[in-house]
Amino acid sequence: MTMLSDATTAPAPYYSQGLRARFNIDRVRLEQADVDARLNGGKCADIEYEVDEAKYRARSTARVKAGGLPTSVPDGWPTKLSGPLVWTSNSFPSEDEYVYHLTPSDKTEILAALTFFKSHNLDSQKVTKYLFPLPDLGPILSGICNDIYLGKGFYIVRGLDPDDYPLADLTAIYLGLSSYVASRRGRQDQRGSMLIHVMQRGDQSAESTLHDSIYSSDKPFHTDTVTDTLCLFTQELASSGGRSTFASAWTVYNELAATRPDLIHTLASPDWPFDTYGRDPPFYRRALMYFHDHRLITSFSRRLLVGHAPFTPRSKAIPGLTEAQAEALDAVHFIAKKHEIKPRMERGDIRFVNNLGLLHRREAFENVQGSKPRHLVRIWLNNDEGMCWNLPRPLRLAWARVFDDDFEEEGSDKRGRYWDYAPLRHPVTGRVLNTGGSCD
């Protein structure tokens, strides 16, 4: 007798069995189900991935006019933050304050470190700072690490020429240099991609042409949801535009505390629904903003909260955002844009961004036909040597999923680590298959 298989495929698990047990996730899901039963009856806000300023202003006016909003920050939260992470657009008159230019002796030392590493006959991703010794440059990079975690929160290492090295060597070099800032590297998607190539698809199909047109437009402010240091290696520049800009979430907080403290209550509420895009559970809830261990931590991806139509629309039958959440999300964007810094970009730049204290976005860009397309390589880094800020429990779970979890159980939730030094392309069309969406 022939056995018929079930045509229904179960959703891929978002958390492994080990993480479910370690963080008691099933109990948390029952608690969230009770929250959903109370919230799902409400009307969802009309908000999309592209920021609509007119909608934001109208929503803000209506909510203030309705009244009844909190007039002070949440209990235990500061009325004003201070320190080197509080900065604005004019805080750094010279780029020398955040750019380190590699010297000829630095480059000689890098080549010596590469030779030492290659003598061990290891793949490029196996590089560590101990296998990539930099006796003079290393302390400078350690100082940059301090500035990332304890200072202004961003730095650029400039001077590498991507054309000077074979791809495997180039990969070992930027991974080796980044290991002095943070040594652990995380999976950036369910597949287990360790390097994400942030670029357009590049083929001439109608779908890809539409995708690339949408992809190259302005992006709203966000964080990469699961990393303490975001590292971006600039392999190619756009023909025009495409700057990556930064803003201090601490500066955003201070303006909200002074003008709209009710929105801090909204951002700190643990009921924001993050889409897992067809996995199990279909969504999870947590806050976007935390005040933990005397530090403000901000963590969100706009795509996971509202979708990015038409290619990654928000999943159906999961909660949308409330009016208060929609206003708060847009308020963060517009305040950040008012205070953003727009560093120059050069090929070979390695950018390090404190992803807990800073927000970032990308300006619109254009690639001229026949030129090399804008191409950044994204790495999610975690410093496990005492520099990463203490994380609240919801973020400890997220970090464990990306940096700790090996999914070693048998079954469909097993995933590996894939190190794609070059973009994965379709063998016939040449289309780039994994183009670095917003976040996992």
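1. A residue is called buried when its relative accessible area is under 20%, exposed when over 50%, and partly exposed in between (1.4 Å probe, protein chains only). By that rule, five of the five residues of strand 14 (residues 350-354) are buried, so this strand is largely enclosed by the rest of the structure. Strands here are DSSP runs of E, at least two residues, and helices are runs of H or I, at least four, numbered from the N terminus.

2. A friendly reminder before going on: this is a predicted model, where local features need pLDDT of at least 70 and side-chain atom pairs count only at pLDDT 80 or more, while totals for chains, interfaces and linings use all residues. Residues are numbered from 1 along each chain as its sequence is written, and side-chain values use heavy atoms, leaving out hydrogens and water.

3. Back to strand 14: Ile350, Phe352 and Asn354 lie on one side and Arg351 and Val353 on the other. In a regular strand, side chains alternate between the two faces of the sheet.

4. Its neighbours are worth a look. Strands pair if DSSP finds at least two bridges between them. Strand 14 pairs in the antiparallel sense with strand 2 (residues 154-158) over four bridges, and also with strand 5 (residues 229-236), over five bridges in the antiparallel sense. Val157 has Ile350 as its bridge partner, and Cys231 stands opposite Phe352.

5. On helix 4 (residues 104-118), the buried residues are Asp106, Glu109, Ile110, Ala113, Leu114 and Phe117. They cover an arc of only 145° around the axis (taken from the directions from the helix axis to the C-beta atoms), which puts them on the same side of helix 4. The face turned away carries the exposed Pro104, Ser105, Thr108 and Thr115.
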